[in-house]
There are 2 protein chains.
Amino acid sequence: MDAAEFRRRGKEMVDHVADYLEKIEERPVYPDVEPGYLRSLIPTEAPVEPDSYEDIMKDVERVIMPGITHWHSPNFFAYFPAASSYPAMLADMLCSAIGCIGFSWAASPACTELETVMLDWLGKMLQLPECFLAGTHGHGGGVIQGTASEATLVSLLAARCKAIRRVQLLDPKKSEAEILSKLVAYTSEQAHSSVERAALIGAVMMKKVPTDSLYAVRGEMLKKILEEDKAAGLIPFYFCATLGTTPSCAFDHIADLGPLCNQENMWMHIDAAYAGSAFICPEFRPLLNGVEYADSFNFNPHKWMLINFDCSAMWVKKRTDIIGAFKMEPLYLKHENQESGLVTDYRHWQIPLGRRFRSLKMWFVFRMYGLQGLQAHIRKQVGLAKEFESLVRADKRFEICAPVVMGLVCFRLKGTNELNQSLLKKITKSREIHLVPCQLSGSFVLRLAICSRSTEFRHIQQAWQHITQLAFELLQEHHH
Amino acid sequence: MDAAEFRRRGKEMVDHVADYLEKIEERPVYPDVEPGYLRSLIPTEAPVEPDSYEDIMKDVERVIMPGITHWHSPNFFAYFPAASSYPAMLADMLCSAIGCIGFSWAASPACTELETVMLDWLGKMLQLPECFLAGTHGHGGGVIQGTASEATLVSLLAARCKAIRRVQLLDPKKSEAEILSKLVAYTSEQAHSSVERAALIGAVMMKKVPTDSLYAVRGEMLKKILEEDKAAGLIPFYFCATLGTTPSCAFDHIADLGPLCNQENMWMHIDAAYAGSAFICPEFRPLLNGVEYADSFNFNPHKWMLINFDCSAMWVKKRTDIIGAFKMEPLYLKHENQESGLVTDYRHWQIPLGRRFRSLKMWFVFRMYGLQGLQAHIRKQVGLAKEFESLVRADKRFEICAPVVMGLVCFRLKGTNELNQSLLKKITKSREIHLVPCQLSGSFVLRLAICSRSTEFRHIQQAWQHITQLAFELLQEHHH
């Protein structure tokens with residue numbers, strides 16, 4: 001395919017994409033296929049001679065579309081949103097064309113520099129404390145990670161390295177292995193599984209901190225475990241707080257937890273993967289109070305800020321902490337300030353080596369929406385969740401299971417877990433809407449998250465009508 | 001921006017992309033900017049009200065392009081290639097539109113299933129042993145990782161987990177920390193820095209194995225170290241072989257190393273990041289002989305197989321090995337065969353949770369080029385490297401520093417390292433071509449890699465003319 005053909009096919013693809021998104025509502029949101037469906041629809045080997053482009057595009061509809069869960073359907077309410085917007089897609093086309101691999105400044109200076117400045121822009125939108133920004137002389141700064149899981153892992157590894165060095169400075173005879181075996185990381189029992197996984201990868205112990213009745217960790221809960229662990233000779237070194245947990249969008253009390261972590265020399269990382277986007281609205285910003293105590297903060301613009309996956313924003317207070325944990329250089333050559341200079345090599349900030357020019361899509365989205373447009377998006381979706389909450393509250397057969405703070409509603413039929421499992425099965429089978437469950441205090445709970453940019457009030461009403469209809473049928477069945 | 005405006009702007013962007021790539025040769029390949037250049041060119045904060053799209057596109061030329069290292073210029077010979085092709089870009093547009101996050105089968109069955117089948121297609125093109133393929137009942141299978149660094153890390157973590165379990169089975173009293181402190185991983189002294197980094201992340205010791213005069217590891221070299229380490233009470237558990245090293249594209253002797261690793265119960269991972277693509281050509285396939293002894297194999301189609309970054313292909317012989325190392329489930333619930341069923345949840349195969357629909361671009365590229373088209377691309381670029389080698393060999397002032405097997409030529413001026421450093425400085429400053437150095441046996445060496453799809457023989461000739469002209473000037477200066 002040469003440039004001339006790309007001009008033609010590319011324009012067709014633009015229309016194809018617009019058609020897909022404009023008519024997405026007509027498709028069942030959840031696919032009706034069995035595991036292994038695809039293999040029998042295509043050849044067992046790649047062709048030796050080229051296929052025609054027309055055949056490929058026919059196969060997109062024949063082979064791929066039947067197996068797609070349509071995340072951008074207005075009837076998709078599962079997991080958390082995956083952001084999508086036209087400006088981000090345009091930027092990604094440009095990113096593909098430039099096709100640089102920005103592992104170091106020299107590998108494409110614009111790729112590194114736009115990222116640093118975009119993370120400063122975004123940090124200012126969130127009113128992050130100055131110390132997290134790169135500015136022109138700062139010790140902190142931001143980076144785009146692929147996912148929140150990677151941000152958590154990177155922060156845990158940086159904390160591990162810092163803790164080992166600190167303990168060895170006090171007691172040089174202690175081996176790294178000995179220290180490693182005593183390090184303990186902590187997180188909420190409601191935290192995302194990727195947090196526990198980070199500890200598994202980093203070969204450190206991780207303990208789950210119990211939560212209060214609103215599924216949030218409070219300072220006193222962490223303090224109690226820390227005292228026990230220190231008395232047992234363990235070395236607490238890391239706490240991952242969650243702002244907006246996956247099950248119920250609960251918020252750990254970072255304003256209490258932060259001073260405790262600082263006092264105990266523990267790294268505090270904040271995972272605000274979903275909720276972080278909302279902090280650009282002044283009415284939600286108080287939930288981020290206490291971030292000043294954190295060593296690192298992360299959220300996913302690719303969830304709720306209209307920037308297509310992947311784009312996970314992470315800031316650290318001291319970039320030397322993060323670089324020092326990964327840089328392939330002997331320790332005795334390191335200086336506290338060598339990284340506060342002008343050149344940033346982002347390969348030292350992340351797990352992979354290569355990286356795409358992802359800040360382009362931030363730049364396009366921030367400029368095409370403006371802060372006001374982004375705030376309007378957040379507020380609209382929170383409003384829709386509140387509407388859904390009202391509908392649920394008005395029906396006495398149902399209950400709301402956690403405070404509705406942002407775009408997530410946790411609800412269930414009053415009754416057994418089995419009853420609610422049956423309801424979810426009916427919903428999934430109907431393929432009219434799609435949502436996933438969670439477990440809260442031993443209860444099986446349905447989660448309805450406002451996901452698609454195209455979800456409007458009528459979709460919320462239809463979803464509720466559909467759910468109550470299925471619940472009615474279910475309760476009739478149970479009655480007989 | 002609504003769908004109608006996207007149709008218009010998208011088509012403009014398609015032309016913009018085609019224009020950029022058609023005229024890329026007119027731009028200096030390496031940018032003329034100082035660190036920090038970008039910050040002063042744009043506002044310090046995001047706009048509150050939207051900017052116009054025209055202004056953004058003007059800024060792409062004003063702000064971004066001056067700071068781009070043009071990886072797809074025919075005059076770019078640095079690092080290794082970053083793949084790029086029009087079919088891959090079209091597929092990525094579709095991927096952005098679908099915008100699913102394929103962490104589990106249910107999150108979008110087509111995303112998971114096409115990936116599994118594409119990795120089988122690609123495995124067959126490479127003539128990988130059947131045991132690496134998923135087939136319909138296999139125990140092995142492939143996955144797309146973001147980068148080779150992640151594939152290495154995943155394999156090392158799987159090996160670590162397997163080794164700890166094996167040792168504990170023999171001696172249940174041994175603590176995990178104790179075992180961890182005795183585990184040793186090995187790789188070539190010529191291996192990529194990401195291999196050493198994987199060991200750092202995984203908190204295990206890593207030793208560098210010396211290479212022969214062609215920069216390759218041989219069986220006897222590894223064997224010698226293993227004997228010493230075992231005698232010292234250490235537990236060898238992992239060897240990362242390289243096929244096509246970054247400095248000189250050297251090939252470790254896997255047919256000797258593999259049986260040794262098998263015998264010692266060590267995991268052998270093969271990192272063929274760059275060279276792997278060439279194994280689809282029968283004339284290069286013998287270099288992969290011995291892969292049958294490996295536990296995992298990885299290469300980057302996003303380097304040399306026309307599939308835009310990121311797309312790193314990894315296969316494992318036993319998927320339970322890799323899943324078992326990450327899955328958040330207690331060990332006593334695991335069964336050897338539970339993962340050989342029909343449903344694959346790729347989140348257990350990788351470091352991040354989220355993942356894009358990357359197999360679409362494999363599908364488009366494999367079908368639009370066909371195996372023959374892909375082979376032709378490899379052969380053309382190897383041919384260009386051989387042409388360059390001939391030019392160098394014909395000039396007695398220069399020497400070739402390593403065998404030219406694929407698309408990389410290592411060469412230098414006969415003389416001091418300082419002389420060659422000066423030559424590279426002149427080349428970089430001229431901005432007509434771009435290449436990076438390496439170190440081989442203490443010598444400062446220039447690396448010329450055939451990178452861009454648009455590089456033709458005339459570019460090779462021009463590059464050589466340019467290099468010899470600068471060398472002439474340099475030698476004149478030194479003479480006076």
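Two residues are said here to be in contact, or to touch, when they have heavy atoms within 4.5 Å. By that rule, and not counting residues up to four places away in sequence, C311(A) touches I144(A), Q145(A), G146(A), N300(A), P301(A), H302(A), K361(A) and M362(A). This is a predicted model, in which local features need pLDDT of at least 70 and side-chain atom pairs count only at pLDDT 80 or more, while totals for chains, interfaces and linings use all residues. Residues are numbered from 1 along each chain as its sequence is written, chains are lettered from A and ligands numbered from 1 in the order in which they are written, and side-chain values use heavy atoms, with hydrogens and water left out.

**The lysine with a record, and C311(A)**

- The UniProt entry, which is unreviewed, lists K303(A) for "modified residue: N6-(pyridoxal phosphate)lysine"; UniProt positions are given in the numbering used here, feature names are shortened, and annotations may be inferred rather than shown by experiment.
- K303(A) is found in helix α10 of chain A, residues 301-304, where helices (H or I, at least four residues) and strands (E, at least two) are DSSP runs, numbered from the N terminus.
- With a relative accessible area of 18%, K303(A) is buried, a word that means under 20% relative accessible area, whereas exposed means over 50% and partly exposed in between (1.4 Å probe, protein chains only).
- Leaving out residues up to four places away in sequence, K303(A) touches F80(A), P81(A), A82(A), A83(A), A273(A) and Y274(A).
- C311(A) lies in the loop between α10 and β7 of chain A, and at 0% relative accessibility C311(A) counts as buried.
- Although C311(A) and L226(A) are 85 residues apart along the chain, their C-alpha atoms are separated by 34 Å.

**Kinked helices**

- Helix α12 of chain A (residues 359-393) has 35 residues, yet its end C-alpha atoms are only 42 Å apart, short of the 51 Å that a straight helix would reach at 1.5 Å a residue; the expected span is 1.5 Å times one less than the number of residues.
- In α12(A) there is a kink of about 90°, centred on G370(A), the bend at a residue being the angle between axes fitted to the seven residues ending there and the seven starting there.
- In chain B, helix α12 (residues 359-393) spans only 42 Å between its end C-alpha atoms, while a straight helix of 35 residues would span 51 Å, and α12(B) has a kink of about 90° centred on G370(B).

**Where chains A and B meet**

- V117(B), found in helix α4 of chain B (residues 109-125), counts as buried at 4% relative accessibility.
- Apart from residues up to four places away in sequence, V117(B) touches L38(A), R39(A) and I42(A).

- Most residues other than glycine have a negative phi, and most peptide bonds are trans.
- The peptide bond from F309(A) to D310(A) is cis, with omega near 0°, and D310(A) is found in the loop between α10 and β7 (312-316) of chain A.
- In chain B, the peptide bond from F309(B) to D310(B) is also cis, with omega near 5°.
- A203(A), which is not a glycine, has a positive phi of about 55° and lies in the loop between α7 (193-201) and β3 (205-209) of chain A.
- Y215(A), likewise not a glycine, has a positive phi of about 70°, and with a relative accessible area of 9% Y215(A) is buried.
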